[in-house]
Every structure is written in structure tokens, then in C-alpha cells.
Amino acid sequence: MGFIESTAITSRREFLASLDLKNKVVLDAGTGGWSARFLAEKKPKNIVCVSGPGDTRKKEEAERVLQSTSYESYQLLNGNLADEKLFAANSFDLILADYLMEEIDTFAPLEICDVLSNFHRYLRLGGEVIIVNPEANIPFRPDFELNSALGIQGDAQLEKRGHQDLIDAVYLLLSTALTLKFMFPLTFNRYPSQWIGTWLINAGFKELKRYFFDIQVRLVQEFKKRVASVRQVIKAICVPKQREALLEQLAEIVSEFKHRNVPEDDFFVHRHYIIHAKKR
């Protein structure tokens, strides 16, 4: 059993706008400003916004947004969604997990299947779960290209590679045994829609539907974001000698990227998905 349909749409708002949440109790799993505001606009019976243990930023962001609306029937809390006792069984009519899957390992390492099973338990019969997430993509080229894309000792071919290859090359800096061990959960933990679909079926969900939409990602902005993330991690986890070498190579990539004079409006397309499933 798989998806009963796969449909292309223009955006997540196009899909979510069609939801009727009147008189429904909704779990905003993972929460955040966008999802909290969107759900409040739909005025369900009640919203429970849960962020990960210790994630005060997400909780405060949702609270700030909700306080700016006229909607008042909400609850904010921190909790581990991998804990089946976090909520009683049959507590919700709908669960929205908006860009949650790739963050689960932050507060529930390797327990994504437990989270999805708990979603099934938390829902009432006939309840729905909606998962929004980036479609998985491997942030570098095929294995045979790893060495040529960026050798740890430097790469004479770097200037010949495309703009997106340079972005991927930033991640290749982390392909040493030490840094990959620490960075894998942070940078490579993307979950393909097919995996999520299979795990939802295993959890007991039925009638899975999948929707795709594309987001334009600005090359310059994405490059700067990845460079900042990589620099922070290198400084945090590498021994001094390795840190110096990796930061030097990172500087070379940054210099080459600037040399390309990439226009600010250049972009690549990143596919995202929505999975809609029901408890029957």
C-alpha cells in the first residue's frame, strides 16, 4: 500500500487553506510562528502548540504570534512527542507537523517512527495528520564525484564547477570521519516522502495522499546560511589543527563563490511535500 494520489500544487497555503477546522481540537506539533498564526486564522475549537523540550524559541515565537491575534483558545507547552504519555489517546481531531520531521532528532534522536505512532494514538477515530517537509535531497553529487568535488587537500577543479556545486562543496568539507560523525544529524537528516509514507502506514494510518510544491531558494542567501552553519560547527567540534585547515578551505570556497559574482536573484528550486493521512 502506498499513496493513493500524488498531486502538484503551488504552495502549502493552497492546500491548508481548504481545511475546515471548525469545532476541531488541533495539535500544532513542533509549532512556530507561521503554523500558529495560520491555525489561529482558521479558528478551531482549541489549539495545543507543543515545541521540543527546552526549545523556548519556538514556544515564545508561537506565543508572540498568538497574542497578536484575536484567537484565545490555545495552550502552549514544551514536550517530547516521542513520549506516548505526552497526551492522552484520542485527544485531537487534526495534527499539523509543519517542517517538523527534519527537526525531530533535536529532541527525540532516532525516534521518528515513535512520534508517528504517537500521532496515531493521539488522534481520534477519523482524525487527520498533515506533514509538511522538504523532499530529501543528497547535498552532494554521486559517490564517484566526492573526491573531485572537493578534496580535503584542496581542489584545482573547483573553479570549473557550477554555483550549486559550490554550495554542495561546503558540506563536503564535513566529510572527514570526525566532522561527519557530529554533523550527520544536523545537515543530512532529511526524510524522503516515501519513507514518511511507509512509516505512517506502519503506524496504522490509511488513505495517504501526497502533494508536491516547489520553493525557489536564493543561491546567495543559501550559500551564506550554509557557510555560517559550517563555520560555527567547525569552530565548536574540531581540534585546533583540523579547525585551521577546514576554515582555510571554507575561506577558499567563499572566495571562489564571490569571484563568480552570482546575481542576488539567482535561485534553484527545492521541492517540498505534504502528506495527508487519516486514522480509520
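**Salt bridges, ring pairs and a charged patch**

The model is predicted, so local features need pLDDT of at least 70, side-chain atom pairs count only at pLDDT 80 or more, and totals for chains, interfaces and linings use all residues. Residues are numbered from 1 along each chain as its sequence is written, and side-chain values use heavy atoms, without hydrogens and water.

Side chains of opposite charge can pair when their charged atoms come close. A salt bridge here is a side-chain nitrogen of Lys or Arg within 4 Å of a carboxyl oxygen of Asp or Glu. The whole structure holds eight salt bridges. One of them joins Glu41 and Arg13, at 3.9 Å from N to O. This pair links distant parts of the chain: Glu41 is in helix H2 (residues 33-42) and Arg13 in helix H1, 28 residues apart. Helices (H or I, at least four residues) and strands (E, at least two) are DSSP runs, numbered from the N terminus. Arg13 is partly exposed, at 41% relative accessibility.

Arg12 bridges to Asp98, with the closest N and O atoms 2.6 Å apart. Here helix H1 (residues 12-16) is linked to strand E5, across 86 residues. Arg12 is buried at 16%. Asp98 is buried too, at 13%.

Arg271 forms a salt bridge with Asp214, the closest N and O atoms being 2.9 Å apart. Arg271 sits in strand E8 and Asp214 in strand E7 (residues 205-218), 57 residues apart. Salt bridges that share partners also join Glu207, Lys278 and Arg280 into one network.

Five aromatic pairs were found in the whole structure. Rings of Phe, Tyr and Trp (its six-membered ring) pair if their centres lie within 6.5 Å; planes under 30 degrees apart count as stacked, over 60 as edge-to-face and the rest as tilted. Phe87 and Phe92 have ring centres 5.1 Å apart and planes at 90°, so this pair is edge-to-face. Phe87 and Tyr122 are also edge-to-face, at 5.3 Å centre to centre and 90° between the planes. Phe87 lies in the loop between strand E4 (74-78) and strand E5 (92-98), and Tyr122 in helix H5 (residues 112-122), so the pair ties together parts 35 residues apart in sequence. Phe87 is buried at 12%, and Phe92 at 3%. Tyr122 is buried as well.

Terms used: Buried < 20%, exposed > 50% of the residue type's maximum accessible area, 1.4 Å probe, protein only.
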